[in-house]
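Here is a short briefing to read alongside the chain on your screen.

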Amino acid sequence: MVRLDQFNNAGYQRGRSSLVEAAWLVVQALLVRSFIPGSFHRRILLRMFGARIGTGVVIKPGVRVKFPWRLDVGAHSWIGEGVWIDNLADVKIGAHCCLSQDAYLCTGSHDWSKTTFDLVIAPIVIGEGAWIAARAVIAPGVFVGRGAVLGLSSLATVSLQENGIYQGVPAKLVRHRVVATGEPDQSTR
């Protein structure tokens, strides 16, 4: 039987002082999650609290980030409304990625086999050009390969291969992604 009164995460390092964390919570509530349009102020505020945010990143209203100092977002990525980056461990999002509305990235869980319900954390890495569709969930320790797609409301509990398209709960590979280059088809000339 689990004994939550014996839970102890004293060994977990939050990465910043309680004062910095409290300041982040206030700034996030008032300015980052707010309805105020635009990404400029969100990028600046996340950077002020230690996030590494590339050029041209779009961050929509309602985005929630647990610890910005554990976030790295590559250039020209989009983070949609209501995305929750619950990053007790590092989260790295490659360039040109799209995280659609209400996607949830979870880096923490608990060891249900121990009576003390120990905290378990693992990073998430999302490769360049990947798309995490609306309401999709990524579990701790998952690596999303370059160009992979995690479909609407799908759950990734294991790593996703490059250019794979995954759907379902748990997510299963359904096909491979082929991206049109926009170049005219030379075979008809």
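What percentage of the 189 residues of the protein chain count as buried? The answer is 41%. Please keep in mind throughout that this is a predicted model.

**The chain as a whole**

- The protein chain holds 2 helices and 19 strands.
- Its C-alpha trace spans about 70 × 40 × 25 Å along the principal axes.
- Take the contacts between residues at least 6 apart in sequence: 29% of them join residues at least 24 apart.

**Helix α1**

- Helix α1 covers residues 18–32, and its 15 residues should span 21 Å at 1.5 Å a residue; the end C-alpha atoms are 19 Å apart, which agrees.
- Five names to select here are E21, W24, V27, Q28 and V32, the buried residues of α1.
- Looking down the axis of α1, you will find these buried residues within an arc of 125 degrees, so they line one face of the helix.
- As for what covers the buried residues of α1, the cover includes α2 (40–48) and β3 (64–65).

- E21 has its place in helix α1.
- Is E21 buried or exposed? Its relative accessibility is 13%, which is under the 20% cut-off, so E21 counts as buried.
- Setting aside residues up to four places away in sequence, E21 touches R14, F67 and W69.
- Two of those contacts, F67 and W69, also form an aromatic pair with each other, and the structure holds 3 such pairs.
- The F67–W69 pair is stacked, with 5.2 Å from centre to centre and 20 degrees between the planes.
- F67 and W69 are both buried.

- The rings of W84 and Y104 make another aromatic pair: their centres are 4.8 Å apart and their planes stand at 45 degrees, so the pair is tilted.
- This pair links distant parts of the chain, with W84 in strand β6 (residues 84–86) and Y104 in strand β9 (residues 104–106), 20 residues apart.
- W84 has a relative accessibility of 26%, so W84 counts as partly exposed.
- R64 also meets this ring: R64 lies over the face of W84, at 3.7 Å from the ring centre.

**The open sheet**

- In which order do the 7 strands of the open sheet come? They run β2-β5-β8-β13-β16-β18-β19, and the pairing is mixed.
- At the edges stand β2 (58–59) and β19 (172–176); each has a single partner strand, so one side of each is left without a neighbour in the sheet.
- Strands β13 (residues 131–132) and β16 (residues 149–150) pair in the parallel sense over 2 bridges, and I132 stands opposite L150 in β16.
- Moving on through the sheet order, β16 also pairs in the parallel sense with strand β18 (residues 164–167), again over 2 bridges.
- In that pairing, V149 stands opposite I165 in β18.
- Between β18 and β19 the strands run antiparallel, joined by 4 bridges.
- G164 has H176 in β19 as its bridge partner.
- β18 and β19 form a hairpin with 4 residues between the strands, where G168 takes a positive phi near 105 degrees.

- S109 lies in strand β10 (residues 108–110).
- With a relative accessible area of 36%, S109 is partly exposed.
- Which residues is S109 in contact with, leaving aside its neighbours within four places in sequence? They are D118, L119, V120 and P140.
- For one of these, L119, the C-alpha to C-alpha separation from S109 is 6.0 Å, while the two are 10 residues apart in sequence.

Definitions and conventions:
Residues are numbered from 1 along each chain as its sequence is written. This is a predicted model: local features need pLDDT of at least 70, side-chain atom pairs count only at pLDDT 80 or more; totals for chains, interfaces and linings use all residues. Side-chain values use heavy atoms; hydrogens and water are left out. The expected span of a helix is 1.5 Å times one less than its number of residues. Buried means under 20% relative accessible area, exposed over 50%, partly exposed in between (1.4 Å probe, protein chains only). The arc is that of the directions from the helix axis to the C-beta atoms. Contact means heavy atoms within 4.5 Å. Two strands pair if DSSP finds at least two bridges between them. Rings of Phe, Tyr and Trp (its six-membered ring) pair if their centres lie within 6.5 Å; planes under 30 degrees apart count as stacked, over 60 as edge-to-face and the rest as tilted. A charge sits over a ring if NZ of Lys or CZ of Arg is within 6 Å of the ring centre and within 35 degrees of the ring normal.
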